[in-house]
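Student: Could you go through this structure with me? I would like to look at the rings and then at the strands.

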Amino acid sequence: MNSEISLETLKASWNQVLDTVLEVDRVAWLLWFDARLVKLEGNVLEVSFADSEKFSGDHNYKSARKPEQTAKLVSAILEVTGAKLEVIES
């Protein structure tokens, strides 16, 4: 199933998506918690962690985000919204 979804709908469901990630993997939840949804074109979701760089020290966790954590986020998005998306970072 690959439902069309708008960025606004995904933003409205984002807390539920994160809660679903948390149920599976607390570390993955931590790695995606600060993501800001930037753009959704087709099935590609662009996220940014620009806000995390405002704090002193590194709060970005980019080096820790592995394909396994991205897969857990993609799976949670599918479970909550019915949309199969690819997630990229800007």
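This is a predicted model: local features need pLDDT of at least 70, side-chain atom pairs count only at pLDDT 80 or more; totals for chains, interfaces and linings use all residues.

**Rings and strands**

Student: What about Trp32 and Phe49, how are their rings placed?

Tutor: That pair is tilted as well, because the planes stand at 45 degrees, with the ring centres 5.9 Å apart. Trp32 belongs to helix α2, whereas Phe49 sits in the loop between β2 and α3, so the pair ties together parts that are 17 residues apart in sequence. Both Trp32 and Phe49 are buried.

Student: Okay, on to the strands. In what order do they come in the sheet?

Tutor: The order is β1-β2-β3, in an open sheet of three strands with mixed pairing. Since β1 and β3 each have a single partner strand, they stand at the edges, and one side of each is left without a neighbour in the sheet. From one strand to the next, the twist averages 30 degrees.

Student: How many bridges join β1 to β2?

Tutor: There are five, and the two strands run antiparallel. As an example, Leu40 has Leu45 in β2 as its bridge partner.

Student: Which helix packs on the sheet?

Tutor: Helix α1, residues 7–24, does so, touching β1 and β2, and its direction makes about 145 degrees with that of β1.

How values were computed:
Residues are numbered from 1 along each chain as its sequence is written. Side-chain values use heavy atoms; hydrogens and water are left out. Rings of Phe, Tyr and Trp (its six-membered ring) pair if their centres lie within 6.5 Å; planes under 30 degrees apart count as stacked, over 60 as edge-to-face and the rest as tilted. Helices (H or I, at least four residues) and strands (E, at least two) are DSSP runs, numbered from the N terminus. Buried means under 20% relative accessible area, exposed over 50%, partly exposed in between (1.4 Å probe, protein chains only). Two strands pair if DSSP finds at least two bridges between them. Axes are lines fitted to C-alpha atoms, for helices over the stretch in contact, and angles run from 0 to 180 degrees between N-to-C directions. Contact means heavy atoms within 4.5 Å.
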